[in-house]
Amino acid sequence: MSSEKHFYRSGELAELAGVSSDTLRHYERKGVLARPLRKANDYRQYPASALERVRLIRRALAVGFTLDELAAVFSVRDSGGAPCREVRALAVAKLAELETRLYEMSELRNELRAVLKDWDSRLEQRAPGQRAHLLESLNAGTGQRGHRRRGSDNLSKKKREKQSR
């Protein structure tokens, strides 16, 4: 099963690429992997180049590209085009989305730290077995910040989108 073979059966390709045969069929349906030749026994027969394509797909998915985006890029590329600028623009958008999510997660972490500090204080003031109404406290005081934060995140997200245009 070396990568120097001219063709791979579905199971061989799947094993070498670290995916399932179902994943290969899904990639075919989505248009990111060419439909393989069929042998007389109806087995799929993928060209050796399919291994590198599947590895490329897996890496692109790992950095945030979708199969639909890859299908569009590969369509242009496979027909002789050079979709490099589109690929870069997609990657820039992925990075912006990631940075927004990281910012939001950081804000959520800070809010959760404040909530836990408040809850620790509430619990210290209660006897064991006495309710501290921790969840209810999310609707007042510390929890209000969380509600405002989501709204302000949407506003700041809109500002960032305008700035990036």
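What is on screen is a predicted model, with a mean pLDDT of 87 for the protein. Of its residues, 82% reach a pLDDT of 70 or more.

Strands of a sheet pair through backbone hydrogen bonds, either parallel or antiparallel, so display the backbone atoms for the next two stops.

Begin with E1 and E3, the latter being residues 44–47. Three bridges join this antiparallel pair. Select Phe 7 and look across to E3, where Pro 47 stands opposite. Then select Tyr 8, whose bridge partner in E3 is Tyr 46.

Move to the other pairing, E2 with E3. This pair is also antiparallel, with two bridges. Select Arg 38 and find Arg 44 opposite, in E3. Follow the chain from E2 to E3: the two strands form a hairpin, and five residues lie between them. In the turn, select Asp 42, which has a positive phi of about 75 degrees.

**H1 against H3**

Two packed helices are described by the angle between their axes and the distance between the axes. For H1 and H3 the angle is about 45 degrees and the axes are 10 Å apart; the two helices are therefore oblique to each other. The crossing is right-handed.

To see the contact, show side chains on both helices. H1 contributes Leu 13, Leu 16 and Ala 17. From H3 come Ala 50, Leu 51, Val 54 and Arg 55. Sorted by class, this contact has six nonpolar residues, no polar ones and one charged.

Select the contact residues on each side:

- On H3: Arg 53, Leu 56, Ile 57, Ala 60 and Leu 61.
- On H4: Leu 67, Leu 70, Phe 74, Arg 77 and Asp 78.

The residues of this contact divide into seven nonpolar, three charged and no polar.

**Last stop: residues 142–155**

Finally, colour the model by pLDDT and select residues 142–155. Over this stretch pLDDT stays under 50. How many contacts beyond four places in sequence does the model have for residues 142–155? The model has 19 of them.

Key
Residues are numbered from 1 along each chain as its sequence is written. This is a predicted model: local features need pLDDT of at least 70, side-chain atom pairs count only at pLDDT 80 or more; totals for chains, interfaces and linings use all residues. Side-chain values use heavy atoms; hydrogens and water are left out. Contact means heavy atoms within 4.5 Å. Helices (H or I, at least four residues) and strands (E, at least two) are DSSP runs, numbered from the N terminus. Ala, Val, Leu, Ile, Met, Phe, Trp, Tyr, Cys and Pro count as nonpolar, Asp, Glu, Lys and Arg as charged, and the others, Gly among them, as polar. pLDDT is the predictor's confidence in each residue, from 0 to 100. Two strands pair if DSSP finds at least two bridges between them. Axes are lines fitted to C-alpha atoms, for helices over the stretch in contact, and angles run from 0 to 180 degrees between N-to-C directions. Angles under 35 degrees count as roughly parallel, over 145 as roughly antiparallel, 65 to 115 as roughly perpendicular and the rest as oblique. A crossing is left-handed if the near helix is turned anticlockwise from the far one by less than a right angle, and right-handed if clockwise.
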